[in-house]
Amino acid sequence: MSTTSKLYTFHELMTDGILMEYEGKKMRRKVGRILIPMIQRPYAQGRKSQQSIRNKFLQDIFDALEDNSTKKLELNFIYGTFVDEGEDGSFELLDGQQRLTTLFLLHWYIAAIEHTTDDSISMPDYLRKFEYQTRTTSTDFLRKLFTARINISKIPSKTLRKASWYSKSFDKDSTVDSMLRMLDAISVQYAKATIKPTFQDLNKLQFYVLELNGFGLSEELFIKMNARGLQLTPFENFKADLVGYMKMLYTQSVPMTLSNMSRAVPYWLNFSSLVDGKWSNLFWEKTTDEEKSGSKECDAKFFRFIQRYFACKSILLVEKSNEARIADDELFAFFSKNIDIERHYGFAEYAEIIAKGKEKGIDLILQLEHLLNFLCDKSIGYILLNALTAPWESLPTWQPWGTEGEVGLRQIILLSFLIEYVSHINSIQEFDEASFVRWMHFAHCMVQSTDVNQVKNQITLTRLLNEALTYHPKDDVDFNAWEHPYEAIVGFNKSRRNNRYLEAEAQKASQILQDSHWEEAFLKAEKDVFMQGSVTFYYEEGMDISVFQNRTENIPNVFNKNGVVDELAKDCLLIRAVLCRDYDWRDMKKNVTNINITNRSADRHLRNLTIWNTNSEVKRLFCQLLDCKTLEERINLLKSIAEEKHELILRMDGYWTDEALINLQTLYNRLHSEEEMQVLRWFYSHAEIKMIGVWINANGTGSLYKGPVNCIMITTERHKTIPMVIERYKETFDFQYKDVRQVDTFKRFKNYSGTEISLYSKRTALPNNVKLKLTFLAYGSLCIEVIGEDKAKMLFDTYKKIYGTVNIRDRYGHDIADSEGNLSFYMDNAEKCNRVNYIANACNMPIEDLFHVLDVAYKVLSKENIE
């Protein structure tokens, strides 16, 4: 037995009952009472916080009542269950409580206006059938309200609170408080009405009734529909706006999905019933955690899913000419940034994006219904959701309706791809699991490989994946890419040819098309926790599958979940070998970090340097390495490669100066050569440094950089010059390091870390407490400074006389002395330190020339008196 698709008035529901259909025959079931059961929330539309919703609802009602036409105002539908109680039954309301309660109060108020006598109100008898069971005070208040002998006033709440029967306990009941506030609001609207509505006019207000007993619904669904929070959730407000929008634009009728019988209902009605029924199963979680269970949490999940659905659609609906500006698009921003919203911001943005879809022949509402039906289907829903987990992940790590912290840019890309795939499948019966899983595998590999650290990258990859999914060969108009994943990937790559990760996926697809046995070989390799889908770095065209499989088995001897295995990470052996083989530097740029070095964690930088490296020589290295059978073979191979000598391949179009070309070659040699400098041993010894960058200056000089302290200047000769200076002047200046840690660094790695290495002459080395300070700067320059102003001026004048004014400048090219001859200075440990000279190429000039400069300093500063 089920209800028919009929509109009811409040009066008709109360007096005539519900029209039902059973075995093709229609019959009336009398309603003895309308019950708001104990499990329901208190009445909320009258609350102070609901003023905007209350005013809008009443305005719509009174606009309809004042309209002289016969036009009806449809108030959506109400759910309930019919309980037999003898001749008449009770209708227990499960959804629609707020609207029906407001209608009851409106009927009571109009009745009070029309039927008031001198000392009482004569109420229609059917109003007593409306009962609240949420609290005893609510039940008692409605009984008193029906039998009240009172004259209605402009402010009903004041009049009612002054009645002799009104109990103070009513004030503690939020339902009663809301009802009184609603009556006041009704009174205000009534007073403003130019045409006062009559009791008969109330029949313009109509709604659908869905009696759920005959729908085969489970007890669990009843619990879900009843377990409402104390406030209207943002999703409930959104749903109301959505249904209102659909009622205007979706006028077709469809079979009622939840019914066991075939009967047609308005499309919006069926859609709304699915939201509350079948689709809610997807978001309902059984848990002992009260914060994660119940309707409120279910609504929050559903709302997040809706937001993400429209965010994904907004990316694809923007014209390609505006692709670069999608990140700034207001619609995309609205849906992508309001995932955990605590309120509903209105329906304007939803209406706009739905309209954009219709302009392109895409009905986003129908596609949303299609998607939710697929996700809720018992035979394929779990397949769709499980496919969101990458093959190299043992357990699901996220759901499409998770919180913002659980779902990032990568996950949204995957969700978008799933949404678009489902949109191409006409029915659940046509769904092909194998094709779907292959496509999702492709998407996972692309998402994992691509650097998706910004919204613009998310947008670019989302659109690229959709283009692959809709690829059409020019000579085959009937080709459906979603049915032929490998053929589509190969063909799409040929049409693009500008994405190294797509090229890798096409390489795998092409090999599988030639020999299906390769599919299993690739799948097994891609599950590795480090490679995560990237396996072509040791694949060679034409190779035997057994060779590939053997190399796959060898991967754990090179990489693990933490990065490079300890044996090959020591002293950065593997990284040094890779840096040696990667000698094509035509893409290097000035004044930026060009290479990021790490071997301790499985992050993007390590993969960029190793398994994602497109250099053919690096690929050859890994093929050789994975063919080694023992650890000894692997270590010996890497050591020999790290000491190889290669001439850099560089841009020769004038981008680099001749000096820069020389410096770049030096930088390359020292990055990997143990003979010239053990720079990467320094990095490896600092466990707290997970990654370090190679910075390249405009002049080709470079450094390993992790902040101003944790850095090594690779191309400077400081590591050679400073020890010679200390040795030469140990009997005169007796130089001491300002930072004694530099002594240990140099002893261990034959190099210095830090942008500045300062030496001070010993305090007793020079008379009159004078000290000489030498600061060797980042790229081999030298600042000469003196503590002792008079001696500083004397040394400055001497240098000026010997070297001329051009050379007596500071590191920034400014004159060391001002127009009056005063030297620039700064305070060093509370001592005034005057600058007297700056030598830009101190560590690269002939050492004897540098010694001459310092000999002059000793000659001047060692004198007892100033001449």
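Biologist: Where is aspartate 432 found?

Modeller: This is a predicted model, in which local features need pLDDT of at least 70, side-chain atom pairs count only at pLDDT 80 or more, and totals for chains, interfaces and linings use all residues. Residues are numbered from 1 along each chain as its sequence is written, and side-chain values use heavy atoms, leaving out hydrogens and water. Helices (H or I, at least four residues) are DSSP runs, numbered from the N terminus, as are strands (E, at least two). Aspartate 432 lies in the loop between helix 15 (409-424) and helix 16 (433-449).

Biologist: Is aspartate 432 buried, exposed or partly exposed?

Modeller: Buried means under 20% relative accessible area and exposed over 50%, with partly exposed in between (1.4 Å probe, protein chains only). Aspartate 432 has a relative accessible area of 36%, so this residue is partly exposed.

Biologist: Which helix holds aspartate 627?

Modeller: Aspartate 627 has a relative accessible area of 38%, so this residue too is partly exposed. The helix that holds aspartate 627 spans residues 616-627 and is helix 25.

Biologist: What does aspartate 627 touch, not counting residues up to four places away in sequence?

Modeller: Contact means heavy atoms within 4.5 Å. Arginine 551 is 76 residues from aspartate 627 in sequence, while their C-alpha atoms are 6.3 Å apart in space. With residues up to four places away left out, aspartate 627 touches Val547, Arg551 and Asn554.

Biologist: How many of the residues of the protein chain count as buried?

Modeller: The secondary structure of the chain comes to 32 helices and 23 strands. Of the 867 residues of the protein chain, the share that counts as buried is 55%.
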